[in-house]
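Take a first look at the chain below. Then follow the text through it, one part at a time.

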Amino acid sequence: MKKVTTIAGDGVGKEVMEAGLTILESLDLNYDFIESKAGFECFQNCGTTIPEETIKNAKKSAATLFGAITSTPSEKSPIITLRKELDVFANLRPIKTFEGVNSLFNNIDFLIIRENTEGLYSQIESFEKEEENKKNSKITKTIAKRVITKNASTKICEFAYKTAIKNNRKKITCVHKENILKKTDGIFKESFYKVAEKYSAKHPDIKANDYYIDATAMYLITKPQEFDIIVTSNLYGDILSDEGAGLVGGLGLSPSANIGDKNGLFEPVHGSAPDIEGKGLANPIAMILSISMMLEFLKEDFYSKQINKAVENVLKSKKIATPDLGGNSKTSDVTMAIKKELESII
Ligand code: ATP
Ligand code: MG
């Protein structure tokens, strides 16, 4: 039987994972779900933020579902380790408005595709001692290296085009800061337009353009309907997707997928939310929509679509919502409402 690894993690990660598994129970799926450990609590119990066994399980699974973890200063980040180990080079974050949810705009529906393996997430940082201070050896300088390769840039832009074709999207915007980071963002932009040219003959209906990251941050507020697919490097994508989440109702509604040639890793965009941990207030929808993305990846298209539909219907009814959406329902109320709705449509 095919396997799915589940890593609940810390804080609300555990709460939304429980909700997600409750939803999965309603579906007639042939997968073995293997529970694995990672995160802060795992570090306290077994001295590592991500045990080898977890990595092994994830590698032999058809997909991995991740809750959230509380970061451990000076220890390696489990999610970044997993992204590297599984070589999931593309991070997809849909930004979509839902009927029944208060948001700044209606009819927003775009996809942020973020390069997932390099950029400032290479985590190559160093301390340096400046010349005049060498004697008293004070660290006065810190450096972070930002690695951008032609290979990874081309691969993520290719992925953006394939995603556009598959999902009938008509415009791809490359986001960069090439006026300042001429070499690194230069190669990203150049790779994008090379890929765009390659696809333009067969797919002239897909438009390509590019914006600076700062301008994009503004356009997301002034004309978000203009976007269809955004393709960008690691940190820019991270920041823009939180901004995007804010545009359409917050982190409680924002799912994500990390996709590679073989593996898929699915997680809500939000973190472990220590401020609401243990209160039963976490919105489970970001996790439930991440499960929908996982099922699409596993070619369980019907269930994937029906989960989206069930979430849409529950949000539209405006009867049940967690506090982040202005309601006073609990995580379990929202989960059960979605489960009931889902069972009525499958
Ligand atoms: P971490 O270091 O784990 O990322 P954080 O403090 O950055 O933790 P996030 O989880 O990123 O916290 O959350 C940011 C804000 O969004 C917090 O106020 C949190 O309560 C809220 N939030 C995050 N996830 C949810 C959720 N599922 N439901 C409701 N509110 C959430
Ligand atoms: Mg956070």
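**A walk through the model**

Start in helix α11, which covers residues 331–345 and holds Glu343. Keep in mind that this is a predicted model. Glu343 has 13 other C-beta atoms within 10 Å, so it counts as partly exposed. A buried residue would need 20 or more, and an exposed one 12 or fewer. Now look across to Lys202. It sits 141 residues from Glu343 along the chain, and the two C-alpha atoms are separated by 41 Å.

Next, find a pair of strands. Strand β8 (residues 171–176) and strand β9 (residues 207–212) run parallel and are joined by six bridges. One of the links is between Lys171 and Lys207, its bridge partner in β9. How does the chain cross from β8 to β9? It passes through helix α6, residues 184–200. This β-α-β crossover is right-handed.

Now turn to the nonpolar core. The largest one has 91 residues. Ile113, Ala160, Val231, Ile288 and Ile291 touch the most other members. Helix α9 (residues 285–297) gives this core its largest share, nine residues. Take Ile288 as an example. Neighbours within four places in sequence aside, Ile288 is in contact with Ala19, Gly20, Ile23, Ile307, Val311 and Ile338.

Helix α1 comes next. It has 14 residues, 12–25. At 1.5 Å a residue, α1 should span 20 Å. Which residues of α1 are buried? They are Val12, Gly13, Glu15, Val16, Met17, Ala19, Gly20, Ile23 and Leu24. What do these buried residues pack against? Their partners are strands β1 (2–9), β3 (63–68) and β12 (264–268), together with helices α9, α10 (301–317) and α11.

Finish with two backbone angles. Most residues other than glycine have a negative phi. Asn107 has a positive phi, near 55°, and is not a glycine. Asn107 lies in the loop between β4 (90–96) and β5 (109–115). Is Asn107 buried or exposed? It is exposed, because 8 other C-beta atoms lie within 10 Å. Lys299 is not a glycine either, and its phi is positive at about 65°. Look for Lys299 in the loop between α9 and α10. Lys299 has 9 C-beta neighbours inside 10 Å, so it counts as exposed.

Technical notes. Residues are numbered from 1 along each chain as its sequence is written. Chains are lettered from A and ligands numbered from 1 in the order in which they are written. This is a predicted model: local features need pLDDT of at least 70, side-chain atom pairs count only at pLDDT 80 or more; totals for chains, interfaces and linings use all residues. Helices (H or I, at least four residues) and strands (E, at least two) are DSSP runs, numbered from the N terminus. Two strands pair if DSSP finds at least two bridges between them. A crossover is right-handed if, with the strands pointing away from the viewer, the path from the first strand over the helix to the second runs clockwise. A nonpolar core is a set of buried Ala, Val, Leu, Ile, Met, Phe, Trp, Tyr and Cys residues joined through C-beta atoms within 7 Å. Two residues are in contact if their C-beta atoms, placed from the backbone, lie within 7 Å. The expected span of a helix is 1.5 Å times one less than its number of residues.
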